[in-house]
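Here's a quick tour of a protein fold, from the inside out. Take a look at the structure first, then read on.

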Amino acid sequence: GQGRSSQDMNAVHRPKPVDDRSIYCDLQHEKAVLGVMLLHPEAIDYGIKRLATTDFFDDTHQVLFAAIAKARSDKLPLASSRDVTNAIYRLGLVAKGGPVSAQYLAELGQEGAVYWHFEYQVDSILRYSRIRKQSLILSECLQKIVDGVEDIESINKEVLRRTRANADRHAVRVRRINEVAEEAFNRIVESRTKGEVPTLPTGLHSLDQIISGIGRGELTILA
């Protein structure tokens, strides 16, 4: 891997200051999605296909996502989590004075430990992004009315056109239940084959082999 300086390790991530749009975001889901892409390179293509840089609210998250997308488009080796981390270093994001600290990368890795909720978290980012952009569209059009730039009928048409385009761009794909079930089954088989549990272990190996650990956001009852 690339060398990490003490300045990098001690750098502190400073999230974007709170503004009136910050209630329309879920920074935890943004961190989890990036964490999964760091730990599980096989998730990168799906993330890039569904998301755009501007779908992330936090500035640092935008920079990281753009860097991973660039690494993929530049055909850099991304076969392992080490490859992804090295690509981020190679692009200068963690250099002295860069936008990302090594400490924050490690924190994102912890957030990405659970892979099973990745698609749901991607959808969550898209929903919040759509809300923020719809709010911005309405705000801009209302300002035009206040300024008397255009007549109300023209602005109404603009609102409809822009909001529909935004909604279509963030449409969530509906999946068949058998498709989801097959994917979950394959992940369980893979985790057992590798002897790994891609969820929170209970500490009881035999139990983890049966229930595949406890998933985040799940209620598990043992009777």
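A cavity is a set of grid points where a 1.4 Å probe fits but cannot get out. In this predicted model, the largest cavity has a volume of about 30 Å³.

**The cavity**
- Searching the whole structure turns up one cavity of 30 Å³ or more.
- Its lining is made up of D26, H29, E30, D55, S124, I125, Y128 and R132.
- Sort those lining residues by type and you get four charged, two polar and two nonpolar.

**Salt bridges**
- The structure has five salt bridges.
- One of them joins the side chains of K31 and E107, at 2.6 Å from N to O. K31 lies in helix 2 and E107 in helix 6 (residues 102-111), so this pair ties together parts that are 76 residues apart in sequence.
- K31 is buried, with a relative accessible area of 11%, whereas E107 is partly exposed at 30%.
- R50 pairs up with D123, with their closest N and O atoms 2.9 Å apart. That links helix 3 (residues 44-50) to helix 7, across 73 residues, and both R50 and D123 are buried.
- K70 and D74 make another salt bridge, at 3.0 Å between the closest N and O atoms. K70 is partly exposed at 42% relative accessibility, and D74 is partly exposed at 39%.

**The surface**
- L142, I145 and I152 form a nonpolar patch with about 300 Å² of accessible area together.
- L142 sits in helix 7 (residues 118-147) and counts as exposed, at 53% relative accessibility.

Conventions. Residues numbered from 1 in each chain as written. Predicted model: local features only at pLDDT ≥ 70, side-chain atom pairs only at ≥ 80, totals over all residues. Heavy atoms only, no water. Patch = residues over 30% accessible without salt bridge, like charges linked within 9 Å, V, L, I, M, F, W, Y side chains within 5 Å. Areas by Shrake-Rupley, 256 points an atom, 1.4 Å probe, with all protein chains shown as cover. Salt bridge = Lys/Arg side-chain N within 4 Å of Asp/Glu carboxyl O. Helix = DSSP H or I, 4+ residues; strand = E, 2+ residues; numbered from the N terminus. Buried < 20%, exposed > 50% of the residue type's maximum accessible area, 1.4 Å probe, protein only. 1 Å grid on protein atoms, 1.4 Å probe; cavity = no way out; pocket = protein on both sides within 12 Å on 5 of 7 lines; lining within 4 Å. Points joined across faces, edges and corners; volume = space filled by probe spheres on them. Nonpolar A, V, L, I, M, F, W, Y, C, P; charged D, E, K, R; others polar.
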